[in-house]
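Here are my notes on the model, point by point. Please read them with the structure open.

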Amino acid sequence: MIEVPRGALTADEVAKEAEFFSFGTNDLTQMAFGFSRDDVGKFLRVYQDKKILEQRSVCQLRRRRHRPARATCAVKKGRATRKDLKLGICGEHGGDPASMHFFHKVGLDYVSCSPYRVPVARLAAAQAALSVKVGD
């Protein structure tokens with residue numbers, strides 16, 4: 001599990017020993033934004049409604065002026081070290097369609113999410129795969 005930003009930054013070193021990465025998006029998001037799980041429910045919706053924070057995804061946070069996201073860097077570093085590295089995510093972002101498109105684009109192999117998000121995740125994964133085939 002890569003659940004802290006340092007793990008993503010040292011993905012090439014981790015890949016020397018690991019056969020797969022599972023990016024823990026819940027903890028990565030919490031650490032990247034500095035949100036307390038106990039407090040975030042009190043203000044996150046307000047932040048989103050006021051467009052202070054449009055995406056909860058760490059991937060979106062790390063994108064700046066078309067620079068790759070940390071997850072993208074970790075994917076590249078990991079696969080540069082181990083070509084057959086399996087990559088995926090574990091967390092609630094698995095049911096977010098925008099995140100699913102991003103995960104598909106960067107070449108993740110799987111998504112794990114809570115059971116109630118599975119239908120949305122399956123639909124978003126299919127849409128992401130189809131959009132790539134038609135050149136979106």
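1. F103 counts as buried, at 3% relative accessibility (buried means under 20% relative accessible area, exposed over 50%, partly exposed in between, with a 1.4 Å probe and protein chains only). F102 counts as buried too, at 5%. Both belong to helix 7, residues 97-105, whose buried residues are S99, M100, F102 and F103. Seen down the helix axis, these fall within an arc of 160°, so they line one face of helix 7. The arc is that of the directions from the helix axis to the C-beta atoms. After helix 7 comes G107, with a positive phi near 90°.

2. **Basis of the model.** This is a predicted model, in which local features need pLDDT of at least 70 and side-chain atom pairs count only at pLDDT 80 or more, while totals for chains, interfaces and linings use all residues. Residues are numbered from 1 along each chain as its sequence is written, and side-chain values use heavy atoms, with hydrogens and water left out.

3. **Overall make-up.** The protein chain has eight helices and three strands. Helices (H or I, at least four residues) and strands (E, at least two) are DSSP runs, numbered from the N terminus. From that end the order is α-α-β-α-α-α-α-β-α-β-α. Of the 136 residues, 36% count as buried. Take the contacts between residues at least 6 apart in sequence: 63% of them join residues at least 24 apart. Contact means heavy atoms within 4.5 Å.

4. Three strands form an open sheet, in the order 1-2-3, with parallel pairing. Strand 1 (20-24) and strand 3 (110-112) are at the edges with a single partner strand each, so one side of each has no neighbour in the sheet. The twist averages 20° from one strand to the next. Two strands pair if DSSP finds at least two bridges between them. Five bridges join strand 1 to strand 2. Three bridges join strand 2 (residues 86-90) to strand 3. Two partners to check on screen: F23 is bridged to I89 in strand 2, and G88 is bridged to Y110 in strand 3.

5. F21 counts as buried, at 2% relative accessibility. F23 also counts as buried, at 2%.

6. **Helix 3 against the sheet.** Helix 3 (residues 25-33) packs on the sheet and touches strand 1 and strand 2. Its direction makes about 55° with that of strand 1; axes are lines fitted to C-alpha atoms, for helices over the stretch in contact, and angles run from 0 to 180 degrees between N-to-C directions. The buried residues of helix 3 are T25, L28 and T29. They cover an arc of only 100° around the axis, which puts them on the same side of helix 3. G34 follows helix 3, and its phi is positive, near 75°.

7. **Aromatic pairs.** The structure has three of them. Rings of Phe, Tyr and Trp (its six-membered ring) pair if their centres lie within 6.5 Å; planes under 30 degrees apart count as stacked, over 60 as edge-to-face and the rest as tilted. The ring centres of F21 and F23 are 6.0 Å apart and the planes stand at 85°, so this pair is edge-to-face. F102 and F103 are also an edge-to-face pair, with 6.1 Å from centre to centre and 65° between the planes.

8. **Nonpolar core.** What does the largest nonpolar core hold? It has 19 residues, and those with the most contacts inside it are F21, F23, L87, F103 and L108. Such a core is a set of buried Ala, Val, Leu, Ile, Met, Phe, Trp, Tyr and Cys residues joined through side-chain atoms within 4.5 Å. Strand 1, helix 6 (70-81), strand 2 and helix 7 each give two or more residues to this core. Helix 7 gives the most, with three residues.

9. **V120.** V120 lies in helix 8 (residues 118-133). It is partly exposed, with a relative accessible area of 37%. Leaving aside neighbours within four places in sequence, V120 is in contact with G95 and P97. V120 and P97 are 23 residues apart along the chain, and their C-alpha atoms are separated by 7.4 Å.
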